[in-house]
Amino acid sequence: MTADTHFWWYASRAAGITSFALLTFSVWLGLGASTRIFDGLLDRPWVYEVHKFSSLLALAFLVVHMGALLLDRYISYTVADLLIPGLSPYRPAAVAAGILGLYTSAIVAGSFYVRARIGYGMWRVVHYASFAAFALALVHGLFAGTDSPTVWMRWSYWFAATGASYLIIYRLLRLATGWRSRRPGRTRPQEGSAHAGSAHAVS
Amino acid sequence: MGESRKKRTTRYPTTKFVLLNASFLTFAALTAFISTRGLPGGTATAAPQRDQPAITAGTSAATPQSRSIAPQANPAPARRAARVPVARSRGS
């Protein structure tokens, strides 16, 4: 490895990209499950578990990303720089987006484990924050990422954002056209049960 | 037997194992790839800009090594340079 004095700087960049890839994968799976686009191809419990696990892995690599930045001597971040939005000496707004994305991701991932306690409705509301986490991560990567101007990284961001956008639009369209009532094998109460439509919806 | 009814603590362990390993392999491959590209400087990559390498602000030990890597741009703005000696002394 060349210039191994900067190993942590390289490792941090790689961990950030890996984390974003895992977050993208998790968001795609979550949206795919909620739109049932994988039905017939993949088991829903499998999709849910992989969705959950990949979001945790994304967080783990986010910790590696930040830990490597602390060990790195190229920029010399402090813990406060990495945890408090706006303190970063390097592109503070973009780094702040990443920090907020970290907190949002952590809340969403943590909500998997308190779902029974907070109730499905609240869990679902919290889970919508994953869209914000993805957007914040994208903004952070685009505007703070050292590799962002490269062609391969731009295509990666474009691919990730396009896939998520497609699934979000698809989900909204299906919701708008009343797809819930047309699902086979399920009966939908016509009135009187406010929770009936949410008990099977998804992540 | 009770063995077959053993409580499963993890669902889809093989899938998770594969995903975990794929992630680490991706991370390792990316680290190797990025290290071959080196530090951003005169290239098209976005270089964090700073006039002086952080490690050289306040110390001199690492300066020759850092300088020998490349005539690279250095990442943080000038106000960081003023903070570095404090951080250095705290760390060491």
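**Figure 1. Confidence along chain B of the predicted model.** In chain B, helix α1 (residues 13-37) has the highest confidence, at a mean of 93, and helix α2 (residues 63-69) the lowest, at 39. Over residues 42-47 of chain B the pLDDT is below 50, and this stretch has 15 contacts in the model beyond near neighbours in sequence. Residues 49-73 of chain B also stay under 50 in pLDDT. For residues 49-73 of chain B the model has 51 contacts beyond four places in sequence. For chain B the mean pLDDT is 59, with 30% of its residues at 70 or more. The model is predicted, and it scores ipTM 0.81 and pTM 0.72.

**Figure 2. Chain A and its helices.** Chain A contains 8 helices and 0 strands. Read from the N terminus, its elements run α-α-α-α-α-α-α-α. Chain A has 203 residues, and 50% of them count as buried. Among contacts in chain A with a separation of 6 or more, 65% are between residues 24 or more positions apart. The accessible surface of chain A is about 9,800 Å², and carbon and sulfur atoms account for 70% of that surface.

**Figure 3. Helix α7 of chain A and what covers it.** Helix α7 of chain A takes in residues 129-144. How far apart are the end C-alpha atoms of this helix? They are 22 Å apart, which agrees with the 22 Å that its 16 residues should span at 1.5 Å a residue. The buried residues of α7(A) are A:Ser130, A:Ala133, A:Phe134, A:Ala137, A:Leu138, A:Gly141 and A:Ala144. An α-helix has 3.6 residues a turn, so residues three or four places apart point the same way. Which helices of chain A are included in what covers the buried residues of α7(A)? They include α1 (7-35), α4 (92-111), α6 (120-127) and α8 (151-176).

Figure 4. A:Leu70, A:Val79, A:Leu83, A:Ile84, A:Leu87, A:Leu100 and A:Tyr103 make a nonpolar surface patch of about 540 Å². Helices α3 (79-83) and α4 of chain A each supply at least two residues of this patch.

**Figure 5. A:Leu100 in the nonpolar patch.** A:Leu100 lies in helix α4 of chain A and is one of the residues that make the nonpolar patch.

Key:
Residues numbered from 1 in each chain as written. Chains lettered and ligands numbered in written order. Predicted model: local features only at pLDDT ≥ 70, side-chain atom pairs only at ≥ 80, totals over all residues. Heavy atoms only, no water. Helix = DSSP H or I, 4+ residues; strand = E, 2+ residues; numbered from the N terminus. Expected span 1.5 Å × (residues − 1). Buried < 20%, exposed > 50% of the residue type's maximum accessible area, 1.4 Å probe, protein only. Contact = heavy atoms within 4.5 Å. pLDDT = per-residue confidence, 0-100. Areas by Shrake-Rupley, 256 points an atom, 1.4 Å probe, with all protein chains shown as cover. Patch = residues over 30% accessible without salt bridge, like charges linked within 9 Å, V, L, I, M, F, W, Y side chains within 5 Å. Salt bridge = Lys/Arg side-chain N within 4 Å of Asp/Glu carboxyl O.
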